Every structure is written in structure tokens, then in C-alpha cells.
Amino acid sequence: MASFSYRILRKKGIASNASITVSAERGVVVRAPFWMPKGIIENFIQEKSLWIEKHLERLSLKKITKHYFEGEKHLYFGKEYSLSIVTTRTPGRSKISLLEDTIQVELYEGLPKEKHPEKIEEALLYWYLEKGIETITEKVNYYSQEIGVEYQKINLKKVSSIWGSCSPTNCLSFNRKLVMAPHEIVDYVVIHEVAHMVHRNHGSGFWNLVKSFDPQYKYHRRWLKLNHHLLSI
Ligand SMILES: [Zn+2]
């Protein structure tokens, strides 16, 4: 996927130059005089791309910080669960189970209280990674069979500004944060990257292929742009 997308708004009146704003609510918005040719606006965006990326990065850093206490809300494939902490007599790795409305973390009873958040975070991150690989692999298998392509391998990464990527050798990478997004959003990102094994660009052939598996893809792209700050691990 491109590192960012933008909207162009035309200014009426006698304005003589273009300007760019970056916000969490509206994404990248470029305001340009009504008479300015599109090519000039695109050059202007190109010139400012480093600046734009820096601001987008800063916005994604402004994420919701988690503290890992009892009852805290955590997302799992688009649904909110509260954290429930129980203690066990067995030492070793903390176990995570998904119950109806809670994510239950089992901690060793001998663990000092002040160590709890750190242990919970560690266990939760590991669990997200495990579930993420499982679910995304299933989805990639499904869509690559449907489209008739073969991938090399799948990686889950903690990358900040990219949801997914597809290398020239068909190695697929996905952002671990997708484990928090609703399934239809994860499907869109998977379809997008699998479709790149057929079309290595964002031309109309590519988007038609994406659309044939996800008719709502425009809505899903927009959802990611507007909600990425909610998906904080
Ligand atoms: Zn792409």
C-alpha cells in the first residue's frame, strides 16, 4: 500500500498557493486553488511527502496507552473484552483464555503485584501474535487459493505505518495490530496484499480484483485511516 493517501479540496477565491494539513480525524488534506493543475498539486505533495510522513508517524505514536489492570478494555478482532486477572499455583508462562466477554490472564500467585502489568503485557502480546498468525494465515490461504496465486511465507510485524506488504518474491507481511481490527478490515488488507501477487501496482486491474472479493473496500480503507490510533498494542 502507498505510505499515505490524501484528499484534495479546491479553494475558491483568489488564493494563490496550496497547503497541507494532517490530522487523526481527517487524514491528509491538501487545499489548493481551483485553477491549479493536478500535476502541480501532485508535485507539491511529493515535495512535502517527508513532512507528511513525519506527521502521520507522530499521530500513530499518539496511541492509547494500556496499563493492564483488571477490567481494562482490550480489542480482539473488533470486539471489546475486559481484562480479567486470576492467579494460579503453577509457575511458568501466564496463560490467556478468551471467554465470552473477557480476556482472562492466569498469573502465578507468587508473582509480586507490581510485576503484574509487565507480565500481562508480555503474555498478551505473545497471544496476539499467535492468534494473529493463525487467523491471517487462514485468510491468506483462502484468498490466494481463490485468486490462484502462491505465496512464499507470512510475517507478522510490528510496523508503524504499513498495514501489509507483498515483496517481489511473494513474501507477505502484516501489521500485528490487525488482530485488533474487525474481521472485514483484516480481510480487506489480506485481499489487498494477495492481489498484489497478480498486479504489482495500484492500477485499475488491481482495484477491480480487490473489489471482486471486497465490494466495500473503499469503506474499509477509510476505516483503517480513521481508526488506526484505536488499535494500540
Ligand atoms: Zn498496495
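## Exercises on a sheet and its packing helices

Strand β8 is joined to strand β10 (residues 171-175) by 5 bridges, and the two run parallel. The model is a predicted one, in which local features need pLDDT of at least 70, side-chain atom pairs count only at pLDDT 80 or more, and totals for chains, interfaces and linings use all residues. Residues are numbered from 1 along each chain as its sequence is written.

**Exercise 1.** Determine the order of the strands in the sheet and identify the edge strands.

*Solution.* 
Step 1. Helices (H or I, at least four residues) and strands (E, at least two) are DSSP runs, numbered from the N terminus. Two strands pair if DSSP finds at least two bridges between them.
Step 2. The open sheet has 3 strands in the order β8-β10-β9, with mixed pairing.
Step 3. β8 (153-157) and β9 (164-166) each pair on one side only, and are the edge strands.
Step 4. From one strand to the next, the twist averages 15°; axes here are lines fitted to C-alpha atoms, for helices over the stretch in contact, and angles run from 0 to 180 degrees between N-to-C directions.
Step 5. Lys157 has Asn175 of β10 as its bridge partner.

**Exercise 2.** Classify the arrangement of α3 relative to α4, and that of α4 relative to α6.

*Solution.* 
Step 1. Angles under 35 degrees count as roughly parallel, over 145 as roughly antiparallel, 65 to 115 as roughly perpendicular and the rest as oblique.
Step 2. The axes of α3 and α4 cross at roughly 50° and come within 9 Å. α3 is therefore oblique to α4.
Step 3. Residues making this contact include Ile136 and Tyr143 of α3 and Val190 and Val194 of α4.
Step 4. The axes of α4 and helix α6 (residues 217-227) come within 10 Å and cross at roughly 105°. α4 is therefore roughly perpendicular to α6.
Step 5. This second contact is made by Glu184, Ile185 and Tyr188 of α4 with Tyr217, His220, Trp223 and Leu224 of α6.

How values were computed
Two residues are in contact if their C-beta atoms, placed from the backbone, lie within 7 Å.
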